Amino acid sequence: MLRVLLLILSVVAVGHAELCKPDAQNAFKVRLSIKTALGDNAYAWDANEEYLFKAMVAFAMRRYSSKSATQISNVLLCNVTDRVSFWFVVTDSSKNMTAVPGSEVEAAIRMNRNRINSAFLLSEKTLQFLRITSTLSPPVEPSTPVWLIVFGVVLCLIVAGIIFLIVAGIQQRKKKNKESTERENLEEKGEVTVTVENGIPCEALDLKAGHVNGVFAADDERFTSL
């Protein structure tokens, strides 16, 4: 009986070795960069971490398919290296000597990739399934809609233009009022101002004192003496 049991165990071991080996049909290679990701807080990869990995893969398979009854014992690891890389394969729970098709394993891993990464405090760059393409993160949508941002910019430009026109109008009105006041002050004092019309300087007539033409003034003096 003992010999039969040992024979069965040896057959199972050989069968598992054939299923889980580098470049096997349904096997996947995993590479972890724990030191790169966590630095001084990096943890050692040991049997406990391997058990957690098997548990996460079994969880992914069961979550991917409600019909799956994958157990931790169905996840086989092999060719584990000190630099933390290994191969794994998932066996069928009903036929322990048969591997689950790689397409199903890949779909399950992709579906639960974030949960697996979180379990090991790693990301897709530091926990790599070499034959499984990375899942793309959903595009980040801005909290504020784009159309609202554009509308706000246009509204600000319009408000700025209105304010500029108002300020420019006020300054122009002040300038005109100042010039009018200065002109009135000069008229009250009787001062002659020089204006320029068509590029020719002209003296403005002093309305109060009048203006004497020099030519007629000489004639008046000549006739007055007679």
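I began with cysteine 78, which is buried at a relative accessible area of 12%, where buried means under 20% relative accessible area, exposed over 50% and partly exposed in between, with a 1.4 Å probe and protein chains only. The model is a predicted one, in which local features need pLDDT of at least 70 and side-chain atom pairs count only at pLDDT 80 or more, while totals for chains, interfaces and linings use all residues. Residues are numbered from 1 along each chain as its sequence is written, and side-chain values use heavy atoms, with hydrogens and water left out.

**Entry 1, the disulfide.** I looked up what cysteine 78 is bonded to, and found that it forms a disulfide with cysteine 20, the sulfur atoms being 2.2 Å apart; the rule asks for a pair of cysteine sulfur atoms within 2.5 Å, and it gives a count of 1 disulfide. Cysteine 20 sits in the loop between α1 (2–19) and β1 (28–32) and cysteine 78 in strand β2 (residues 75–78), so the bond ties together parts that are 58 residues apart in sequence. Helices (H or I, at least four residues) and strands (E, at least two) are DSSP runs, numbered from the N terminus. I noted a torsion of about -90° about the S-S bond, so the disulfide is left-handed. Cysteine 20 is buried as well, at 6%, whereas I found cysteine 156 exposed, with a relative accessible area of 55%.

**Entry 2, strand β2 and its sheet.** I then followed β2 into an open sheet of 4 strands, which has the order β2-β3-β1-β4 and antiparallel pairing; two strands pair if DSSP finds at least two bridges between them. β2 and β4 (127–129) are the edge strands, each with a single partner, so one side of each has no neighbour in the sheet. The twist from one strand to the next averages 25°. Between β2 and strand β3 (residues 85–90), which run antiparallel, I recorded 4 bridges, with valine 75 opposite valine 90 and cysteine 78 opposite tryptophan 87. The hairpin of these two strands has 6 residues between them, and in it asparagine 79 takes a positive phi near 55°.

In a regular strand the side chains alternate between the two faces of the sheet. For β2 I found Val75 and Leu77 pointing one way and Leu76 and Cys78 the other way, all of them buried.

Which strands does α3 lie across? I find that α3 lies across β1, β2, β3 and β4 and runs at about 140° to β2; axes are lines fitted to C-alpha atoms, for helices over the stretch in contact, and angles run from 0 to 180 degrees between N-to-C directions. Helix α4 (residues 102–111) also packs on the sheet, where it touches β1, β3 and β4 and makes about 30° with the direction of β1.

Within helix α3 (residues 47–64) I picked out methionine 56, which counts as buried at 13% relative accessibility. Leaving aside neighbours within four places in sequence, methionine 56 is in contact (heavy atoms within 4.5 Å) with Arg115, Ile116, Ala119 and Phe120. Methionine 56 and isoleucine 116 are 60 residues apart in sequence, yet their C-alpha atoms are 6.2 Å apart.
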